[in-house]
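Keep the 3D view open and turn it as you read.

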Number of protein chains: 4
Amino acid sequence: MAIVLGENRYGKAEVRLVRVDRDGDRHGVTDLNVSVALSGDMTDTHLTGANDKVLATDTQKNTVFAFARDGIGAIESFAARLARHFVDSQPSIHRARVRIEQYTWHRLGPHSFSRAGDGTRTAVVTYDGSRAWTVSGLADLTVLNSTDSEFWGFPRDAYTTLQETKDRILATAVTASWRHTGDDVDWDASHATARDSLLTAFAGTYSLSLQQTLYAMGERALNAREEICEVRLAMPNKHHFLVDMSTWGLDNPNEVWYAADRPYGLIEASIIRDDLPPAPEAWLGVKGFI
Amino acid sequence: MAIVLGENRYGKAEVRLVRVDRDGDRHGVTDLNVSVALSGDMTDTHLTGANDKVLATDTQKNTVFAFARDGIGAIESFAARLARHFVDSQPSIHRARVRIEQYTWHRLGPHSFSRAGDGTRTAVVTYDGSRAWTVSGLADLTVLNSTDSEFWGFPRDAYTTLQETKDRILATAVTASWRHTGDDVDWDASHATARDSLLTAFAGTYSLSLQQTLYAMGERALNAREEICEVRLAMPNKHHFLVDMSTWGLDNPNEVWYAADRPYGLIEASIIRDDLPPAPEAWLGVKGFI
Amino acid sequence: MAIVLGENRYGKAEVRLVRVDRDGDRHGVTDLNVSVALSGDMTDTHLTGANDKVLATDTQKNTVFAFARDGIGAIESFAARLARHFVDSQPSIHRARVRIEQYTWHRLGPHSFSRAGDGTRTAVVTYDGSRAWTVSGLADLTVLNSTDSEFWGFPRDAYTTLQETKDRILATAVTASWRHTGDDVDWDASHATARDSLLTAFAGTYSLSLQQTLYAMGERALNAREEICEVRLAMPNKHHFLVDMSTWGLDNPNEVWYAADRPYGLIEASIIRDDLPPAPEAWLGVKGFI
Amino acid sequence: MAIVLGENRYGKAEVRLVRVDRDGDRHGVTDLNVSVALSGDMTDTHLTGANDKVLATDTQKNTVFAFARDGIGAIESFAARLARHFVDSQPSIHRARVRIEQYTWHRLGPHSFSRAGDGTRTAVVTYDGSRAWTVSGLADLTVLNSTDSEFWGFPRDAYTTLQETKDRILATAVTASWRHTGDDVDWDASHATARDSLLTAFAGTYSLSLQQTLYAMGERALNAREEICEVRLAMPNKHHFLVDMSTWGLDNPNEVWYAADRPYGLIEASIIRDDLPPAPEAWLGVKGFI
């Protein structure tokens with residue numbers, strides 16, 4: 001019945017790093033938000049405040065910047081380089097998790113850019129000294145179908161008042177993450193295909209429930225890239241309510257809608273290949289699916 | 001030395017309206033945030049709570065939805081229709097201001113869309129029963145030049161520590177608003193040209209100060225559209241600091257930067273044609289320039 | 001028809017300054033967000049990028065920190081010290097506006113504190129080389145009356161559907177600002193009395209409209225402090241809708257409510273002494289009343 | 001290598017419920033944000049869109065409101081009532097998780113209140129048809145010690161530049177969650193004691209690392225309430241940097257600080273009794289520890 005230290009981790013969060021790649025007059029820009037979480041032999045600092053095993057979070061931040069000096073590449077690779085460094089160079093660190101959010105930019109000119117704003121690319125790499133788990137993803141990608149969505153046939157209990165519908169707006173902000181079977185992946189190509197699969201399946205699915213659309217999206221990504229073995233999706237149902245204009249003497253043939261903020265439905269599911277072992281280590285610290 | 005009611009206004013803010021335009025299988029979507037502010041003969045409700053002159057804000061919201069039934073068109077036109085309605089139909093209302101923010105969407109399919117996220121289109125129309133002022137604009141458009149920006153020659157007082165630079169990142173989130181000489185304008189074409197002018201001038205100006213870039217942007221828009229007579233710009237200087245890697249034995253030839261949140265510079269200016277009267281009425285309630 | 005520079009200003013925004021006052025073992029903490037906006041002879045930097053008249057915003061930030069070395073006192077005084085310094089020491093600067101937000105902290109121990117979170121104290125001081133305008137205020141103070149609020153007697157047009165009510169929740173997030181006749185004020189005492197007046201009037205007013213409550217709040221503050229000559233209030237009507245439980249066989253005697261986010265009513269008004277000249281200079285840059 | 005549905009859940013999130021308790025003229029107010037997540041036999045809706053096992057999220061929302069009709073009590077009890085209802089009344093629902101955030105209000109008068117803002121009370125109850133796990137907590141409680149914090153003795157690698165310090169500001173925004181051994185708890189008393197323990201330990205610990213402070217906080221709560229068996233804490237290190245005034249000819253004896261936004265340290269740990277089994281089910285969906 002003694003009190004002891006359980007699971008723990010620490011690190012520097014939200015290091016805002018911008019790298020400019022200069023190829024003569026034509027520049028490229030990589031805009032990242034990097035968070036590091038380390039765990040290992042950390043009992044002393046919790047119990048006595050002895051910090052000889054605590055790589056300072058300021059040092060972690062410096063390391064993120066220093067490693068960017070050599071170029072970044074795909075965020076999955078950059079996260080892996082950092083995670084391996086922390087574990088391999090510090091005996092007291094047994095596990096490192098590096099999470100990166102990448103903001104994309106449109107090109108305006110040779111060295112001019114505008115921030116895209118239609119979704120963020122994400123990666124989380126966890127490394128324990130012997131193996132690494134890589135989870136890629138995207139967040140804040142808001143999509144809408146203005147028709148081809150129904151919702152009916154649900155059970156009616158004492159509290160049910162919702163009307164069935166054969167035509168509604170289906171809108172959501174997609175947070176998706178996907179796990180890979182290995183690390184020998186062309187990350188940029190894989191991400192582009194996965195993103196495109198999610199969007200294509202969203203647009204192309206005649207939907208009887210948001211769950212059905214979600215499943216179709218995950219399935220499409222799994223079919224498109226064999227190195228992806230699990231897709232997790234968290235999709236709020238951003239409700240749009242048809243405005244009742246009958247008291248004003250007007251009809252409203254599914255044209256004018258009120259976009260509500262809260263409450264919202266929230267649908268979360270994992271779509272997996274059935275022959276693969278679960279890997280809970282991979283998912284620790286992945287936002288948007290908890 | 002009596003206490004009296006001064007300036008006042010009231011209304012419904014942030015009506016989230018989505019309209020679907022259905023042209024057979026091909027749909028369009030218009031996604032708006034509409035805010036109404038009315039003023040007039042409102043002394044009674046402030047002094048005694050008598051509401052016979054107070055068009056309920058709930059009614060204002062309903063009106064926004066009802067007017068969308070007939071189609072929306074350019075947000076400047078929709079705002080003007082609403083503003084005129086409130087003043088012309090309610091004797092107690094002497095002035096109406098309607099502000100609209102429009103979120104743009106990319107097309108994914110005949111009835112499928114993804115939210116763009118690279119800036120919001122805005123409009124504020126003020127109508128007083130005899131004339132209207134129309135201010136168009138955009139907000140949250142984040143842009144960055146990775147070179148061609150200098151900052152030097154500024155005065156050095158006892159508190160100055162900033163080093164001069166001949167090559168820095170220049171980044172900002174543009175909030176721009178522009179006033180028109182009249183209402184007989186092709187609003188969509190005008191907005192597209194103004195937006196393009198701002199972006200082109202940002203990208204194309206070799207900059208010695210953010211003020212110089214800002215002025216060039218406003219000037220470009222004025223030159224491009226003769227019906228625009230004043231442009232107001234509010235541009236935060238989103239500082240990027242070069243990471244000093246010398247203690248790690250590394251150089252950093254303007255490649256790795258830290259993107260800071262706060263504090264930030266904030267540059268605001270109005271660029272005008274010199275032959276036109278000021279119109280403070282037009283600018284009341286315009287966000288981002290106060 | 002030439003294009004020229006109109007109104008403009010620039011400065012460093014959101015300098016996050018924390019000062020610890022050490023009186024032996026007992027500490028005090030002052031937690032501020034300071035924004036500076038300067039204007040003057042700034043044509044050159046806009047037209048040619050010549051910066052010899054541009055006190056760098058980095059220098060402004062340093063000045064804020066340096067002036068805090070001598071102690072802060074009331075934020076109105078600190079803002080005035082800074083505003084006077086910028087105009088008096090820089091020939092090119094003709095007007096300075098300093099805006100401060102102060103976050104308050106509860107004491108937990110001699111040198112321990114928890115952030116209060118029930119409203120922010122604000123001040124804006126504008127100085128033009130000869131005189132200063134001081135506007136004090138508060139923001140983000142959310143209050144609620146669970147009864148003693150009615151709303152009825154409003155006009156009914158073709159779009160009106162709102163039911164009249166004799167008992168509703170009245171909730172708002174108060175943003176208040178008030179102007180003073182002079183500078184010889186005990187700012188802390190004045191602010192405490194004004195804040196208390198606003199809260200007391202909110203709680204004590206039997207309300208037939210939010211406008212009536214707002215007016216009573218401003219009037220109370222004016223009556224309480226003679227150096228206050230104008231109060232501006234911006235108060236969103238944070239709607240609470242009674243949940244209709246009749247279809248579930250339940251009554252709901254004004255007990256269970258749904259708190260809506262958007263849209264919301266927004267009521268703004270100025271309450272003034274009738275013998276005083278308006279001072280638009282004082283209000284430039286005051287948030288929450290535009 | 002077939003594709004199948006993995007873990008999944010769905011529900012209505014962020015139901016904003018305000019209940020007024022009326023005891024004659026003296027009212028009480030309970031202000032909640034309720035999120036429901038259900039899982040069970042949901043394969044059909046994912047694969048075919050058949051919704052006969054899908055209790056609509058709209059019905060879940062209605063149920064939250066309807067259950068509030070009978071009074072709310074402690075949020076742990078209210079969450080448990082709801083979770084049990086969903087599983088026990090719907091054969092297709094095998095597990096329910098109900099998360100509640102409670103905003104606290106100060107009393108201004110018999111029926112008048114101001115929102116507190118110094119932390120949110122939280123609860124997550126998970127019920128699987130046979131047993132329930134209850135996790136209580138708090139979030140967004142920002143605290144600061146202006147002295148009695150050191151940080152030194154950390155390892156120095158090639159990227160370390162941080163100076164050691166014997167006196168710094170220690171500030172954090174506490175997110176804490178704690179698990180109980182059973183359900184026969186006076187939740188309000190337990191929460192009050194746990195909150196007080198966390199604050200007292202924060203203020204009273206002479207700190208050599210934020211980890212040491214965090215551990216002391218969790219240990220204090222465990223010692224104070226025997227029904228608490230595990231405390232999880234997530235505490236950002238909200239960095240305050242001493243402003244270097246030496247170039248301005250000023251000293252700065254730990255008085256003037258710059259409060260940084262990002263990056264920040266993030267310390268997370270679980271403090272547990274050593275004789276109790278882990279309960280990962282309890283922690284699914286608990287925010288702030290991932």
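Two residues are in contact if their C-beta atoms, placed from the backbone, lie within 7 Å. Before we use that, some housekeeping: this is a predicted model, where local features need pLDDT of at least 70 and side-chain atom pairs count only at pLDDT 80 or more, while totals for chains, interfaces and linings use all residues. Residues are numbered from 1 along each chain as its sequence is written, and chains are lettered from A and ligands numbered from 1 in the order in which they are written.

Now, how many residues of chain A are in contact with chain D? The count is 72 residues of chain A, touching 72 residues of chain D. Which pieces of chain A do the touching? To name them we need helices (H or I, at least four residues) and strands (E, at least two), which are DSSP runs numbered from the N terminus. The elements of chain A that give two or more residues to this side are β1 (3–13), β2 (15–23), α1 (43–47), α2 (57–68), α5 (210–224), β10 (228–237) and β13 (264–273). The largest share comes from β1(A), with 11 residues. By type, the side of chain A that touches chain D divides into 33 nonpolar, 23 polar and 16 charged residues. In that tally Ala, Val, Leu, Ile, Met, Phe, Trp, Tyr, Cys and Pro count as nonpolar, Asp, Glu, Lys and Arg as charged, and the others, Gly among them, as polar.

Strands also pair up across this boundary. Two strands pair if DSSP finds at least two bridges between them. Here β13(A) pairs with strand β1 (residues 3–13) of chain D in the antiparallel sense, over nine bridges. To find one such bridge, look for Ala269(A), whose partner in β1(D) is Asn8(D).

Chain A also touches chain C: seven residues of chain A are in contact with seven residues of chain C. On the chain A side, these are three nonpolar, two polar and two charged residues. How do the two chains relate? A rotation of 180 degrees, with 0.0 Å of shift along its axis, superposes chain A on chain C with an RMSD of 0.0 Å. The two copies are thus related as by a two-fold rotation axis. (Copies are superposed by least squares on the C-alpha atoms of residues with pLDDT of at least 70 in both.) In chain A, the residue that comes closest to the axis is Asp261(A), with its C-alpha at 3.4 Å.

Let's zoom in on chain A itself. It has six helices and 13 strands, and its C-alpha trace spans about 75 × 65 × 40 Å along its principal axes. Its domain assignment gives domain 1 (9–128) and domain 2 (131–290); such bounds come from an automatic or database domain assignment. The C-alpha centres of these two domains of chain A lie 28 Å apart, and the contact between them takes 19 residues from each of domain 1 and domain 2. On the domain 1 side, α3 (75–89), β4 (93–103) and β7 (120–127) of chain A each supply at least two residues. β7(A) gives the most, with eight.

What about the inside? A residue is buried if 20 or more other C-beta atoms lie within 10 Å of its own, exposed if 12 or fewer, and partly exposed in between, with C-beta atoms placed from the backbone. In chain A, buried residues make up 57% of the 290 residues.

Leu266(C) counts as buried, with 21 C-beta neighbours inside 10 Å. Leaving aside neighbours within four places in sequence, Leu266(C) is in contact with Tyr10(B), Gly11(B), Ala13(B), Ala234(C) and Pro236(C).

Our last stop is strand β3 (residues 26–40) of chain B, where 12 of the 15 residues are buried, so the strand is largely enclosed by the rest of the structure. Strand β2 (residues 15–23) of chain B runs antiparallel to β3(B), joined by nine bridges, and Val20(B) stands opposite Val29(B). The hairpin of β2(B) and β3(B) has two residues between the strands, and in it Gly24(B) takes a positive phi near 65 degrees. β3(B) also pairs with strand β4 (residues 93–103) of chain B, antiparallel over 10 bridges, with Val34(B) opposite Ile100(B).
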